[in-house]
Structures are given as C-alpha cells and as structure tokens.
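Me: I would like to go through a few of the labels attached to this structure and ask, for each, what value stands behind the label.

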Protein chains: 2
Amino acid sequence: MSIKIQVLNNILEINESYAAQNRETFEANHCFSVNMMSSPGSGKTTLLEKTLERLDPSEVAIIEGDMQTTKDAERLERFGCQIVQISTGNACHLDGKMIHDAVEDLDLSGVRLLVIENVGNLVCPAEFRVGEHAKVVILSVTEGEDKPLKYPLMFREAAVCILSKIDLLPHLDFSLEEARRNALQINPQLEFFSISCRTGEGLDEWTDWLRKRMKG
Amino acid sequence: MSIKIQVLNNILEINESYAAQNRETFEANHCFSVNMMSSPGSGKTTLLEKTLERLDPSEVAIIEGDMQTTKDAERLERFGCQIVQISTGNACHLDGKMIHDAVEDLDLSGVRLLVIENVGNLVCPAEFRVGEHAKVVILSVTEGEDKPLKYPLMFREAAVCILSKIDLLPHLDFSLEEARRNALQINPQLEFFSISCRTGEGLDEWTDWLRKRMKG
C-alpha cells in the first residue's frame with residue numbers, strides 16, 4: 001500500500017521538523033529535556049514525584065501526556081512547578097507538534113529541566129522524537145527481563161534505563177543482571193539506575209545525573 | 001489532514017472485513033476464540049502456561065503475537081498444542097489480516113479454543129478487532145488501580161478483566177475493589193477474575209469460564 005507508506009513518511013517528516021524546532025527552543029533556554037517512557041504502571045509519575053522532592057521545583061517544568069484523565073498532573077501540582085497536561089484522546093504517543101504547542105504555554109526562562117512524561121506504551125512513543133535531549137525508559141522489575149529483547153526500538157533509542165520497583169525483587173524471579181545484559185545487547189551505550197521509590201534506593205544517583213545536565 | 005483520515009478509515013474497513021471472515025472460520029469449526037491483551041509484562045504468557053496445564057492441549061490452538069523474538073511461543077511448545085508465531089516487526093498490534101494468515105497455518109478441526117496473545121500494549125490492540133469472540137484484558141496489580149480510567153478503550157472493549165499477580169498484594173498499595181470500581185465505571189458488563197499464577201488462586205474459576213464456552 002504505497003499511499004499508506006507515503007502518508008506515514010509525511011507524518012514522520014513533519015514530526016522531525018517540530019522536534020528540531022522544539023530542540024532549538026530548549027537550547028535557547030539552556031533547558032535540559034528528558035522524554036520518559038515506559039509500559040503503563042511502571043511508575044513514571046511516582047518517580048517524578050520523588051525526583052521533584054529532590055530538585056528545586058522552580059527550575060523544573062513538566063509536560064504530562066495521557067490519553068485520558070488529568071490524574072498524573074494533579075498528583076504533581078503540589079510541587080508548584082509549571083505543568084502542562086496533554087490529553088492525547090486516542091493517540092498512543094506524544095509527537096513533536098503536541099510538545100511544540102505545550103511549550104508555548106510554558107515560560108522556560110529559568111527552567112533548567114523539562115520532563116516530558118509520555119503515554120504509557122513501550123512501543124509507539126519510541127518512534128516519535130519530540131526534540132528531547134535524552135530518552136529515558138523505565139522498566140519495572142515486575143515486567144520481566146525479556147522486555148528489552150521484545151521491545152528493542154525503545155531500548156535502542158533510550159540513553160538511560162531505570163529499573164524500577166526493586167523493593168519487590170525478593171518476591172519475584174527477576175534478575176537485574178539478566179535485564180541489564182539483555183538491554184546492553186540492544187544498546188551497549190545505555191546507562192542504568194536501579195531504583196525503589198518506596199525505600200528511596202537509587203534516587204540520589206538518578207537526580208545527580210539530572211543535576212549534572214541541568215548545569216551543563 | 002484528510003488523506004490521513006481517509007487512509008485510516010480504509011485500514012479499519014479492511015480490518016473489519018478480515019475480522020468477519022476470521023469469525024466465520026471460528027464459528028464453522030465450533031472454536032471459541034479469545035484475544036488476550038495487556039501492558040508488557042503483566043503475565044499473559046504465564047497465565048497461558050497455567051491455563052494449558054488445566055486444559056486438553058489437543059483442543060487448544062495458540063497464535064502468539066510479538067514484535068520481536070519467538071520467546072513466548074518457545075515457552076508454550078512443551079504443551080504440544082498447535083502454535084503459530086506472528087512477528088509484527090514494528091507494528092504495535094495484531095490485525096485481522098495477520099490472524100487470517102496465521103489461521104491458514106492451523107488445523108482448527110477438533111480445536112475448541114483459539115487463544116490469540118496480542119502484542120504487549122494497553123493502547124493500540126484495542127482498536128483492531130480480529131474476529132475474536134471475547135477480548136480479555138489482563139491488569140497486573142503492580143500497575144495501579146487507575147489504569148481502566150487512563151486506558152478506557154481497552155476496558156470498554158473487553159468482556160473479561162483478569163487482575164493478575166495478586167500474590168504481590170501484601171507488598172503493594174493496590175486496592176482490588178478500587179480497580180474493579182474504576183473498570184466497571186468504564187464497562188459495567190465486565191467480568192472479573194483475580195488470579196495468582198504463583199499460588200494458583202483463581203485459575204480454576206478462569207479455566208471453568210473457558211471450558212463452558214469451549215463446549216458451547
């Protein structure tokens with residue numbers, strides 16, 4: 001179906017153009033931007049809460065992507081940072097234009113970190129660059145070590161892989177070592193953080209990583 | 001973008017036509033068919049293993065959908081039932097044509113249950129009927145009670161919702177009651193099974209549900 005492929009190519013081209021514009025805006029404001037992606041329920045919003053507790057909220061802005069509901073944005077309101085909610089309706093991912101429009105509602109002067117929380121989906125968001133400096137994939141240890149091999153594009157595109165919910169490890173048959181090995185097989189450059197938002201383990205290392213880039 | 005919408009409509013129309021053909025094939029063979037969908041890592045394949053232990057494998061056929069790898073199909077080989085693996089490449093869901101082609105590789109005479117394990121994705125598979133008698137959505141209790149509200153299409157389309165990994169409940173802040181209430185708000189007809197593949201809890205009720213429909 002050549003029409004289908006043609007339309008798809010156009011969509012991706014238009015997306016790249018918005019992504020490039022977004023990147024310019026981030027650079028002009030000295031704002032480091034991360035695109036956080038994962039399966040539904042792997043703990044993106046909880047990680048974001050714990051991250052905001054450790055950073056200066058006035059230096060952080062957030063774009064929340066959800067198909068429906070504003071629940072995640074509401075959970076983050078108490079931190080007082082700028083938040084824009086994108087409701088994607090039936091769309092399974094955020095794209096460059098959505099981020100472009102959301103950024104128009106933000107004042108990025110003084111903002112050193114823009115966190116984009118994508119729709120919970122380990123597949124489609126990986127195909128759409130939004131201008132971010134780094135893609136971060138979160139894999140909950142309840143999901144199994146095989147996920148990097150089964151969803152390779154996401155792990156290939158990511159700069160950072162956060163292994164979350166590690167407090168549950170004693171109750172699971174999950175090997176951190178095997179998960180890392182599988183992910184490195186797909187992307188040898190991946191950096192890892194093993195985190196429990198319950199116990200706090202690993203959160204300082206992760207926020208240090210962000211802080212370093214917020215200064216750059 | 002009217003071309004984009006036109007192409008999408010065509011895709012969905014073609015899909016419906018394949019789905020209808022598939023359904024006729026299932027009916028002609030007195031074969032009950034379920035389309036199992038969930039986030040990555042919520043335990044579809046493990047549930048399928050436990051289900052196959054409780055049924056006569058000669059009466060069951062399986063279509064395994066994965067973007068990459070044949071790991072899930074390999075895990076099920078030991079049961080000796082017919083299995084067809086679909087590798088979707090970059091596609092984020094199974095569609096009617098893929099199932100149509102896979103069914104051509106199956107001998108459905110004597111098969112009373114066809115299980116279609118979809119790509120791990122709580123979003124896109126819900127949009128594509130494949131001719132199944134029932135859609136089954138699996139929600140692991142590690143994913144949070146809010147998921148039916150955030151991914152409503154999946155829960156609206158499903159006939160059955162399996163709440164999986166309930167052995168982990170003591171280690172989580174998850175309320176089965178709230179999850180059920182949220183799902184029923186989207187779809188008041190939903191039937192529920194609460195299951196632990198570790199302890200075996202709930203598996204007999206689930207396989208009884210299947211057995212009743214295999215006889216029908």
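This is a predicted model: local features need pLDDT of at least 70, side-chain atom pairs count only at pLDDT 80 or more; totals for chains, interfaces and linings use all residues.

Me: Why is B:S33 called buried?

Reply: Buried means under 20% relative accessible area, and B:S33 has a relative accessible area of 0%, so the label applies.

Me: What makes the pair B:S33 and B:H133 a polar contact?

Reply: The cut-off for such a pair of N or O atoms is within 3.5 Å, and the side chains of B:S33 and B:H133 are joined at 2.8 Å.

Me: How do you know that A:C124 is in no disulfide?

Reply: A disulfide requires cysteine sulfur atoms within 2.5 Å, and by this rule the count over all chains comes to zero. For A:C124 the nearest cysteine sulfur, that of B:C124, is 3.5 Å away, and A:C124 is buried at a relative accessible area of 5%. For B:C81 the nearest cysteine sulfur belongs to B:C31 and is 12 Å away, while B:C81 counts as buried at 9% relative accessibility.

Me: Why are the two copies said to be related as by a two-fold rotation axis?

Reply: Chain A is superposed on chain B by a rotation of 180° with 0.0 Å of shift along its axis, at an RMSD of 0.0 Å, and the two copies are therefore related as by a two-fold rotation axis. The same surface serves both copies, since 100% of the contact residues of chain A recur in chain B.

Notes: Residues are numbered from 1 along each chain as its sequence is written. Chains are lettered from A and ligands numbered from 1 in the order in which they are written. Side-chain values use heavy atoms; hydrogens and water are left out. Buried means under 20% relative accessible area, exposed over 50%, partly exposed in between (1.4 Å probe, protein chains only). A polar contact is a pair of N or O atoms within 3.5 Å; within protein, one must be able to donate a hydrogen and the other to accept it, and residues adjacent in sequence count only if both atoms are side-chain atoms. Copies are superposed by least squares on the C-alpha atoms of residues with pLDDT of at least 70 in both. Contact means heavy atoms within 4.5 Å.
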